Amino acid sequence: MNSIVLIKQVPDTAQLSKTVDGLKLMEEGGPRIVNPWDEYALETAIQLKEAHGGKVTAITMGKPEATEALKTALAMGVDEAILLSDPAMKNGDSLTTARILAAAINKIGDYDLILGGRSAIDDNMAATAVQVAALLDVSQVSYVAELNVNPDANTLGAVRLLEGGREKVSGKLPSVVTVVKEINEPRYPSFIGIRKAAKAKIPTWGLADLGLDAGQVGEAGAQAKWLDISLPPVREAQVEIIEGTPEEAAKTLADRLVAEKVI
């Protein structure tokens, strides 16, 4: 049972100060962590390995410092970790990210299940995993709260957590599955796992390794472009308090509105 887990390094929203510039969320430094939703995906993959054997590979796209997120995955019990990093990948959208992840998955080759969290807390788009499934031409199940896999029969059964209730679905492997927090409780990395992760050499794959060119990724390949939107100009306003009883104030206000031709 070989699983690939898609993880993302995100700002720690509990400690990070954020500002909004137009439509784009700008991150002003601060600590970074594994996307909390992805921890449930990691735990799911590790539990499947413990039940059925096989291995778990974690992959992420990002800057070199994203290796810290991969080390967290290794400390939890993941077998292998791969960083996807290249200057040309900068300023992409969910589609270019999915294109990079799909190329990496095809390079890894031997997989039964691709897992991810329901969304990333920095953009909350929940689009990348769906696009990965489409690019790989495999089925996709989202918002999974319960998961049962039969590697011998290449089948899976899942319970999806929806707003109106729970939905039971079944499908074939390989498949892309995104999970919600109800599926399990992520384990804490063990001391031995932390020491092992600290010594691990994490390979980095760039565009040449993935068989992609610069026009397919990053800003050049993005379909969604960030808009440069500025705030409207500040308008000066004056406030006048009308004194008197309610009846007097109402008459004065009505006379003023008539004089200003508002009514």
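1. The side chain of Asn-35 reaches the backbone oxygen of Ser-119 at 2.8 Å. A polar atom of that Asn-35 side chain also lies 3.0 Å from the backbone nitrogen of Ile-121. Polar contacts here are N or O pairs within 3.5 Å, one able to donate a hydrogen and the other to accept it; residues adjacent in sequence count only if both atoms are side-chain atoms.

2. On provenance: this is a predicted model, with local features needing pLDDT of at least 70, side-chain atom pairs counted only at pLDDT 80 or more, and totals for chains, interfaces and linings using all residues. Residues are numbered from 1 along each chain, and side-chain values use heavy atoms, without hydrogens and water.

3. Asn-35 sits in the loop between strand 5 (32-34) and helix 1. Helices (H or I, at least four residues) and strands (E, at least two) are DSSP runs, numbered from the N terminus. Asn-35 is buried, at 0% relative accessible area. Buried means under 20% (1.4 Å probe, protein chains only). Leaving out residues up to four places away in sequence, Asn-35 touches Lys-8, Val-10, Ser-119, Ala-120 and Ile-121. Contact means heavy atoms within 4.5 Å.

4. Asp-112 lies in the loop between helix 3 (94-108) and strand 8 (113-117). Asp-112 counts as buried because its relative accessibility is 18%. Its C-alpha is 5.9 Å from that of Ser-3, 109 residues apart along the chain. Beyond four places in sequence, Asp-112 touches Met-1, Asn-2, Leu-173, Pro-174 and Ser-175.

Key: Buried means under 20% relative accessible area, exposed over 50%, partly exposed in between (1.4 Å probe, protein chains only).
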